[in-house]
Amino acid sequence: MANRQVNPNRMELMRLKKQLVTARRGHKMLKDKRDELMRQFLEIVKANKALRTRMEMLLASANREMVMARAVIDPAILESALMSGRESLSLDIDTMNIMSVKVPVFSAGFEMSGLRETLPYGMASTGGELDQAVIALKQALPIMIELAESEKTAQLLADEIEKTRRRVNSLEYVMIPELQTAIRSITMKMDENERGNLTRLMKVKDMIVNQAIEKARARDAAASVPE
Amino acid sequence: MYKVGVIGDRDSIIGFRAIGMSVFDTSDAVQAGEYLRQMVRENYAVVFITESMAEGNLELIRELRSQKLPAVIPIPSITGSTGLGMRQVRESVRKAVGMDLFADPNEK
């Protein structure tokens, strides 16, 4: 990027130097933030990967059960059994703060760990296969919610890390070098002015001295002329 | 209180109705996108979407990633996992780290 045009004076120099200090400090802090975010992120992502594998396994087996159920039970009955009313699943959301990234924490209204044995339909028309399928799904549910939480967290963190990394890079490779160039060019310009001034002064002094000498010579010459 | 919903083909997701999730069944990706938008408007906390339906709505899902809610989570459908969910996890890693840490060296 082209270095910007600045007025080479002390005010500007001081302003830029202050800016450079701020930029350096910001850069260091953002770098630390990035490193810490990264550490947290990697932990979460590792857990996330394990969770996902587990969820996929659980769902696969639940699906197998469901296929079995579908095979034995009349589709209409199965559907009406599954559709029969029941309190709907709802979640409470808390917010957790990871390095000032707000991430959601889900908690279900019912206890997730204990497997509630109540099934939402009557036992009369459906067989045990369906019960198995629904129980399998119920077992998968806490994992699924947990996965949702950790996956969302990972996504939000990834976003933040990317943003932070951009900022670190723009400070490191654009802002700071630009400020340094500007400061250097001002210092050089000012040094140059200083030198120019000095030589001008020396020149002026020379001229004054020369004039004085001329004058003195003229006076001496006038004095030595015999009357 | 926030709701939990599922989008996918009927066979894959019907069972979730029994455990209290809202079920939106479709096997059309466009319709699935519509449902997803509707669920965002209705403040769902978590949307599980079958991988086959997610495949057709990757743009929308990517947009939703940076929002706090909802969490859109791909799940395998009844025909099995296509690996999309895992791919998305790896995509997050690539985005954050700048490289794919979990890349399978045998996969090219």
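## Chain A

Among contacts in chain A between residues at least 6 apart in sequence, 85% join residues at least 24 apart; two residues are in contact if their C-beta atoms, placed from the backbone, lie within 7 Å. The structure is a predicted model, in which local features need pLDDT of at least 70, side-chain atom pairs count only at pLDDT 80 or more, and totals for chains, interfaces and linings use all residues. Residues are numbered from 1 along each chain as its sequence is written, while chains are lettered from A and ligands numbered from 1 in the order in which they are written.

Chain A contains three helices and two strands, and their order along the sequence is α-α-β-β-α. Helices (H or I, at least four residues) and strands (E, at least two) are DSSP runs, numbered from the N terminus. Of the 227 residues of chain A, 23% count as buried. A residue is buried if 20 or more other C-beta atoms lie within 10 Å of its own, exposed if 12 or fewer, and partly exposed in between, with C-beta atoms placed from the backbone.

## The contact between the chains

Chain A gives 46 residues to the contact and chain B gives 35 residues. On the side of chain B that touches chain A, the elements that give two or more residues are β1 (2-8), α1 (10-18), β3 (44-50), β4 (71-75) and α5 (84-97) of chain B. The largest share, seven residues, comes from α5(B).

By class, this side of chain B has 22 nonpolar, eight polar and five charged residues. Here Ala, Val, Leu, Ile, Met, Phe, Trp, Tyr, Cys and Pro count as nonpolar, Asp, Glu, Lys and Arg as charged, and the others, Gly among them, as polar.

## Helices packed across the contact

Helix α1 (residues 10-72) of chain A packs with α5(B) at an angle of about 170°, and their axes are 11 Å apart. Axes are lines fitted to C-alpha atoms, for helices over the stretch in contact, and angles run from 0 to 180 degrees between N-to-C directions. The angle makes α1(A) roughly antiparallel to α5(B); angles under 35 degrees count as roughly parallel, over 145 as roughly antiparallel, 65 to 115 as roughly perpendicular and the rest as oblique. From α1(A), the contact uses M38(A), F41(A), V45(A), N48(A), K49(A) and R52(A), and from α5(B) it uses G85(B), M86(B), V89(B), S92(B), V93(B) and A96(B). These residues comprise seven nonpolar, three polar and two charged.

A further pair consists of helix α2 (residues 75-83) of chain A and α1(B), whose axes come within 7 Å and cross at roughly 45°. The two helices are therefore oblique to each other. E79(A), L82(A) and M83(A) of α2(A) make this contact with I14(B), G15(B), R17(B) and A18(B) of α1(B). Four of these residues are nonpolar, one is polar and two are charged.

## Strand β1 of chain B

Strand β1(B) is largely enclosed by the rest of the structure, because five of its seven residues are buried. Two strands pair if DSSP finds at least two bridges between them. Strand β1 (residues 90-98) of chain A and β1(B) pair in the antiparallel sense over two bridges, and S90(A) stands opposite K3(B).

Within chain B, β1(B) pairs with β3(B) in the parallel sense over five bridges, where V4(B) has V46(B) as its bridge partner. Strand β2 (residues 22-25) of chain B also pairs with β1(B) in the parallel sense, over four bridges. In that pairing, the bridge partner of G5(B) is S22(B).

## Nonpolar cores

A nonpolar core is a set of buried Ala, Val, Leu, Ile, Met, Phe, Trp, Tyr and Cys residues joined through C-beta atoms within 7 Å. The largest such core has 49 residues, of which L137(A), I7(B), V46(B), V47(B) and I49(B) touch the most other members. Helix α3(A) supplies the largest share of this core, 11 residues. A second, separate core of 13 residues includes V45(A), L156(A), V89(B) and V93(B).

Apart from neighbours within four places in sequence, V46(B) is in contact with residues of both chains, among them L91(A), I145(A), A148(A), V4(B) and P70(B). A148(A) lies in helix α3 (residues 128-224) of chain A and is buried, with 24 other C-beta atoms within 10 Å. Not counting residues up to four places away in sequence, A148(A) touches F106(A), V46(B), A71(B) and I73(B).
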